[in-house]
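Please keep the sequence and the model in view while working through them.

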Amino acid sequence: MSQQSSHAATAGHHPKYLAHHFESMDQQNSSGKLGMWLFLAQEVLFFSGLFMAYILARIFYPETFLAAHELLDWKLGALNTVFLLTSSLTMALAVRGAQVNSQKQMYWNIVATLVLGAAFLVVKYFEYSHKLHDGLLPGHFFDAAKAMHNGVPANIPGAPAIFFAIYFVMTGTHGLHVLIGMGLMLWLLVRIKRGDFNSENHVYLENVGLYWHIVDLIWIFLFPLLYLVR
Amino acid sequence: MESNRNSQLQSAQAATSGGAEPSYLTAKRGIWSWLATVDHKRIGLMYLVGVLGFFAVGGILALLVRTQLLGPTTGFSAAKQEWLFSGDTYNKLFTLHGAVMVFLVIIPSIPASLGNFFLPLMLGAKDVAFPKLNLMSFYIYIFGGALLLFSIYDGAVDTGWTFYTPYSSSSSSSVVSAVLGVFILGFSSILTGINFIVTIHKMRAPGQTWIRLPLFVWAQYATSVIQVLATPVLAITLMLLAIERTIGVGIFDPKLGGDPVLFQHFFWFYSHPAVYIMILPAFGVISEIITVNSRKEIFGYKAIALSSVAIAVIGFLVWGHHMFTSGQSELASAVFSFLTFAVAVPTAIKVFSWVATMYGGSLRMNSAMWYAQAFLFLFTIGGLTGLFLGTLSVDIHLHDTYFVVAHFHYVMMGGTMTAFVGALHHWWPKMTGRMLNEFWGKVSCFFVFVGFNLTFFSQFLLGTKGMPRRYANYLPEFQNLHQLSTYGSYILGLGFFITLLYMIQSLINGKKAPANPWEAKSLEWETDSPPIEHNFHTQPIVTHGPYDFPEIDHSMSTRGGH
Amino acid sequence: MFEKFKNKVLQSQAAEHGEAHVLPLKTYFAVFGSLLVLTVLTVLVSVIGLPAPASIIVAMVVAIIKATLVVLWFMHLKFDDRFYSLIFVISIFFLVLFFVFTSMDVLSRGQVNPEESFFSQDGTLLREEFTKKK
């Protein structure tokens, strides 16, 4: 009874999308965002291990990195960078759409982001399948002979297996995060269609946006470090 | 109307006679109401059962390890030179003991069970910020634990809980399933940390400023920050290890061109802050127990609160002190050794503050307070011996000996687990609505204290005499101390077993507990024992600090009898 | 110093309570345009073949500028509760800490025992078996 009366006592605004343990939309929204930023901090530290591995491998085998990265197609890497940067734009516009209460803007910008994310993965698929074809695989599976046979100059000094291991682990982990982001966006589209979001209640959309931007951020660093080594 | 909430309350009230709102234990019935609960108190209890269960598993493994060490080499078969377990089996036993205790027991112990239960209560809130995420964290914990234990079936890991390469990247044991289990457990830890930080920031009752928070909350806050920042590095480390094993990356394994010391950097970047995840909540608990049972405002509130944050930060700067003999550069070793001394300072500030709180206090020596005293003694020894190990030159001799084993058991078990059991005694009336038997509480504390010191003090001596850790057998000159340690461990086990017995007895027919048996001043004591589902009957408003005890009248004399 | 920061946080939180800070469309496109330009710059710098270590410094500086643009505008950090910025900065701080300390170890090996070093006197790698041309 007393719980009920304390709710009725606060000025009646208790929309159905306000969870029972929160007092106001403001509290709910800022809690959601704070939680997301903490999760992003965790993502930064997660990828830090991979970047540390990269730094050390590059310190140990500088000539390997110099030679091996030639076998990566920087044009495809640049194309992927453009895809992700554009997807960040469309994602930010989707959030803006929520702020101005436009279901259409929300929906179509998320669709655009999804398409660009898919494009990214398609490019990666082509890159990976070329590597597979040429035996430029990580660790044990690196097959220099196969590469040479295909006309690929794989007589790389140092430890090329390590370079490709780092390449696959870093882009693979990143790619997995892209895939997860796309899954989140599909669910977003369902919720948008359901009418869940408006200018007062869209923190879930904002949070998926924040996640997607971090994924873009990581690629911003991956691209020059892997594809543009000099 | 808000029909859902309405009908829930009505059905809950209908379930009890007299119209009084039922406690969280009885508000909803049936196994599904527990398994699908989003009530932080029920989730806390489920975690508690899990933690205690895994503690029993880890404890039995410990007793097996100690029993192995009763005899040096000869025993059953002089020809085979084996007593009880083979070397291989012994390696698997201590590995599992370590992994279970670290990841399934100590790290979640206070935060997941008591933190979950009491954080919202202490803040005057209805629940944590993300109740469904909380439930998910619990199931991730169970799933990760199951995977870790599955690794036993899969051949069992024999690398030690630290998974050092290159052995772990090439050993034929079930490293992958074990690290996968730990990887998953990490997510439980991270999500709980996020939940707690947001709860503390956003769900405080009106009037509850940061300096009116109980010190348990400050401790949980610092712990949660470490959980969020450090655990992902463990996750990536284990992921890289698993990948190294399967495709041969070549980052950790020297045969493939890697550096094994790198693994240790990656691993200890998490695992050193992890020990602060283990001890900070214990510090919070001790602050609560000591101040309530001294009936006195805690000495140095701000010092204790800020030192928790300081420990969290400095704790990230010292990980290399686990690697002094690993091949790390001398410069790095010197830097880490120097920084390690710094982390002792905020810790010592706390110990002095607790003692100063008791000085001139009106002491209630209940079993919780007995455990708190045991903590002060055991943790101080553990902490001081940490300084020995942090001293680079001394550590060259003591590294990988039983001195290290004794040190970390003093802090982790003598520290965290003692505080955990003490906390259970302190908050049992609130959680269950029953009182624990004080006499048997003190008896078990006595057995635990005596057993603990016999077990582990002898290990300090073993270590300085040169007994290496993780060895299944040893030279005959070490036998006396080993046997003393083993018999001590049986006494220690007995102590905890007694605790289990009277806790069960309390649940069956323990005396009913009042709302505030210890006359404490923090918010969790201002509601029923056990609390109702929504915690408080009306929204509490905070007007004073959590330790706002009246001045003690020292003029009252005890001479002359009453 | 802590007081000033706390006031900034409270101000930014109060600002959040009101109308959501809706940025004009052209801001988004301006940021996007800059990101594309910087990407082109990164590629150019690599293609014209700036020598190391300048190339890697330039590449990282450009990447950091791009990241800052994304974080401040697309992720709205510039206009949101200052506390989120603190969280982000703290995570970067610990990332840098991890890099610096670990690198310090790896790069300073061999000061007492030269055979522990990864590099010989003239800076070439000592790991013969991995540096020999196959």
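1. Which residues have the most contacts inside the largest nonpolar core? The model is a predicted one, and in it this core comprises 267 residues. Those with the most contacts inside the core are A:F164, A:I166 and B:I286. Leaving out residues up to four places away in sequence, A:I166 touches A:A53, A:Y54 and A:A57.

2. The overall form of chain B deserves attention. Its secondary structure consists of 16 helices and zero strands. A compact globule of 562 residues would have a radius of gyration near 24 Å, and chain B has 24 Å, which agrees. The C-alpha trace of chain B spans about 75 × 65 × 50 Å along its principal axes. Of the 562 residues in chain B, 57% are buried. Among the contacts in chain B with a separation of 6 or more, 83% are between residues 24 or more positions apart.

3. For 230 residues, a compact globule would have a radius of gyration near 17 Å, but chain A has 23 Å. The principal axes of the C-alpha trace of chain A span about 75 × 30 × 25 Å. Buried residues account for 53% of the 230 residues in chain A. In chain A, 74% of the contacts with a separation of 6 or more join residues 24 or more positions apart.

4. Helix α4 of chain B covers residues 87-123. At 1.5 Å a residue, its 37 residues should span 54 Å, and its end C-alpha atoms are 51 Å apart, which agrees. A bend of about 65 degrees occurs in α4(B) at B:P108. Because 34 of its 37 residues are buried, α4(B) is largely enclosed by the rest of the structure. Just after α4(B), B:G124 adopts a positive phi of about 70 degrees.

5. Apart from neighbours within four places in sequence, A:G175 is in contact with A:L121 and A:K124. A:G151 is 24 residues from A:G175 along the chain, and their C-alpha atoms are separated by 28 Å.

6. The contact between chains C and A takes 45 residues from chain C and 41 residues from chain A. On the side of chain C that touches chain A, the helices α1 (2-17), α2 (25-47), α3 (54-74), α4 (82-107) and α5 (128-131) of chain C each supply at least two residues. The largest share of that side, 13 residues, comes from α4(C). By class, the side of chain C that touches chain A has 30 nonpolar, 10 polar and five charged residues.

7. The contact between chains B and C takes 12 residues from chain B and 13 residues from chain C. On the side of chain B that touches chain C, α9 (260-292) and α11 (330-358) of chain B each supply at least two residues. The largest share of that side, three residues, is from α11(B). By class, the side of chain B that touches chain C holds five nonpolar, six polar and one charged residues.

Notes
Residues numbered from 1 in each chain as written. Chains lettered and ligands numbered in written order. Predicted model: local features only at pLDDT ≥ 70, side-chain atom pairs only at ≥ 80, totals over all residues. Core = buried A, V, L, I, M, F, W, Y, C linked by C-beta atoms within 7 Å. Buried ≥ 20, exposed ≤ 12 C-beta atoms within 10 Å, placed from the backbone. Contact = placed C-beta atoms within 7 Å. Helix = DSSP H or I, 4+ residues; strand = E, 2+ residues; numbered from the N terminus. Nonpolar A, V, L, I, M, F, W, Y, C, P; charged D, E, K, R; others polar. Expected span 1.5 Å × (residues − 1). Bend = angle between axes of the 7 residues up to and from the residue. Rg over C-alpha atoms; globule rule 2.2 N^0.38 Å.
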